[in-house]
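Reader: I'm new to this one. Can you walk me through it?
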Amino acid sequence: MVATLILDNGAHAIKAALHLAQSPVRGTVDRRVLVADEADKLNNVSGILYRVPFERGFLVNWEAQKVIWDRVFAEENLGIDPTTTRLVLTEPVFNPPSIQNAYDVMVFEAYRFASYVRLTAPQAATYSREIKLSECHLIVDVGYSFTNVVPFANHKPIDKAIQRINVGGKLMTNVLKETISFRHYNMLNETYLVNVIKETTCFVSDDVDRDLAICQDAMYDRARNPLLALYVLPDGTNQLAGRVKAPDENISADEQVLPMNHERFMVPEVLFNPSDIGIEQCGIAEAIVQAVTACPEEMRELMYDNLIVIGGCAALPGFEARLTDELRSLAPAEHAIHITVPADPATFAAKAAASIPAAVLDTLTVTRKEYLAAGSQIWRTRGLAREIPAHLVPSEDLRGGAGESTGRSRKSTATSYAESSDDEDDDSDDDDDMDVDEAGPRSRRGRASRTK
């Protein structure tokens with residue numbers, strides 16, 4: 001009997017069944033390669049660097065990817081035999097054919113899987129048994145590299161309506177890294193630690209102007225500022241892991257404390273207003289409206305009433321309430337807004353993929369025998385390949401240009417998959433992620449400047 005392995009292969013984390021493996025992390029002292037929880041065993045996380053297989057959201061570094069997969073498939077983890085296993089593997093939305101061919105080579109020739117299914121995370125999410133979906137629904141994937149808005153009808157994406165904005169978890173981490181380095185400590189090389197700080201302290205504000213006024217008035221006065229969080233940085237000896245101090249807890253002399261004031265909510269604000277940091281694209285709410293508007297009119301009411309938000313960034317406190325408020329102000333008044341954020345949005349797609357009926361999987365599966373006979377062309381022969389719409393065609397080298405903001409008012413236009421904020425390097429984290437091309441779904445509304 002052939003076993004089935006679900007592998008949601010994200011740019012920041014891999015979800016394999018119920019197992020989680022993060023991107024490789026490399027120590028700066030002895031140059032060891034650490035994968036996932038191996039980094040948690042270090043006494044000193046200072047200076048460790050991410051080495052990720054994805055560049056601008058697309059898998060291009062197979063040497064690094066193989067290190068991760070080797071550990072995921074190893075006996076001490078999943079312990080699977082690829083030659084008797086069907087692999088269900090997620091890929092980016094509208095993955096370029098050249099990269100898809102590389103997937104095939106790695107899966108069928110390097111690992112020799114018996115068969116495999118290739119689908120996107122939003123597509124897998126439509127098969128969830130956790131949430132009951134109507135025939136027409138919309139999946140918003142707020143991921144590591146970028147955010148995709150994908151409308152579906154009967155499990156099939158409506159290609160012409162798909163939208164993408166070039167903001168995600170990596171951009172937020174880099175914004176926070178630069179902010180902390182400018183105001184407090186130099187943490188430009190502390191991506192791992194800053195990412196932990198972001199996930200521990202950040203939240204989405206339901207009233208940014210109100211919270212800004214509180215933070216600017218009280219600043220670092222703990223008695224007057226309920227939004228202030230004091231994060232104790234790890235020192236590698238007494239404090240091995242960072243933590244947030246309790247409101248009534250005193251600061252000891254041997255503790256290095258990082259005050260998190262309005263950074264806690266202004267960093268996630270880039271999801272809703274990328275123009276705040278010079279990215280001339282609309283926010284998530286406006287991208288959803290543009291995607292729904294591009295759908296046939298008879299589907300729009302169902303789309304607004306069946307919104308599912310997945311991806312790690314959706315787990316931020318306050319995200320669902322803020323997105324509901326923003327959508328209500330933009331969507332037609334006659335349409336009800338219903339947004340569902342799963343309990344664990346990061347692993348939702350992987351769990352949903354495990355719920356795909358066997359009969360459906362069989363229709364999507366390509367066997368190793370078929371691949372060896374026809375090569376990657378088998379996907380087109382079987383009718384499983386999709387043409388990339390003109391507004392989403394990537395450039396040949398996947399390079400995005402750098403654009404500088406020239407104002408708050410922007411035109412509405414579809415994004416190009418050539419540009420992304422996910423600008424990673426093989427050996428170190430790249431801090432140029434805020435230099436994003438001006439192409440993208442544009443905001444129809446302006447927004448007043450704020451002091452950050």
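Author: Start with a term. Buried means under 20% relative accessible area. By that cut-off, 56% of the 452 residues in the chain are buried. Keep in mind that this is a predicted model.

Reader: How many helices and strands in the chain?
Author: The chain has 14 helices and 20 strands.

Reader: Let's zoom in. Why is strand 12 largely enclosed by the rest of the structure?
Author: Strand 12 covers residues 147-153, and seven of its seven residues are buried, so the rest of the structure largely encloses it.

Reader: Which residues sit on each side?
Author: Thr-147, Val-149, Pro-151 and Ala-153 are on one side. Asn-148, Val-150 and Phe-152 are on the other. Both faces are covered.

Reader: How many bridges join strand 11 to strand 12?
Author: Seven, and the two strands run antiparallel. Ile-139 has Val-150 as its bridge partner.

Reader: What about strand 14?
Author: Strand 14, residues 163-165, pairs with strand 12 over three bridges, again antiparallel. There, Gln-163 stands opposite Val-149.

Reader: And strand 13?
Author: That is residues 156-157, antiparallel to strand 12 over two bridges. Lys-156 in strand 13 is the bridge partner of Ala-153.

Reader: Which residue in that hairpin takes a positive phi?
Author: Asn-154, near 55 degrees. The hairpin has two residues between its strands.

Reader: Back to the whole chain. What about contacts between residues at least 6 apart in sequence?
Author: Of those, 71% join residues at least 24 apart.

Notes
Residues numbered from 1 in each chain as written. Predicted model: local features only at pLDDT ≥ 70, side-chain atom pairs only at ≥ 80, totals over all residues. Heavy atoms only, no water. Helix = DSSP H or I, 4+ residues; strand = E, 2+ residues; numbered from the N terminus. Buried < 20%, exposed > 50% of the residue type's maximum accessible area, 1.4 Å probe, protein only. Contact = heavy atoms within 4.5 Å. Pairing = 2+ DSSP bridges.
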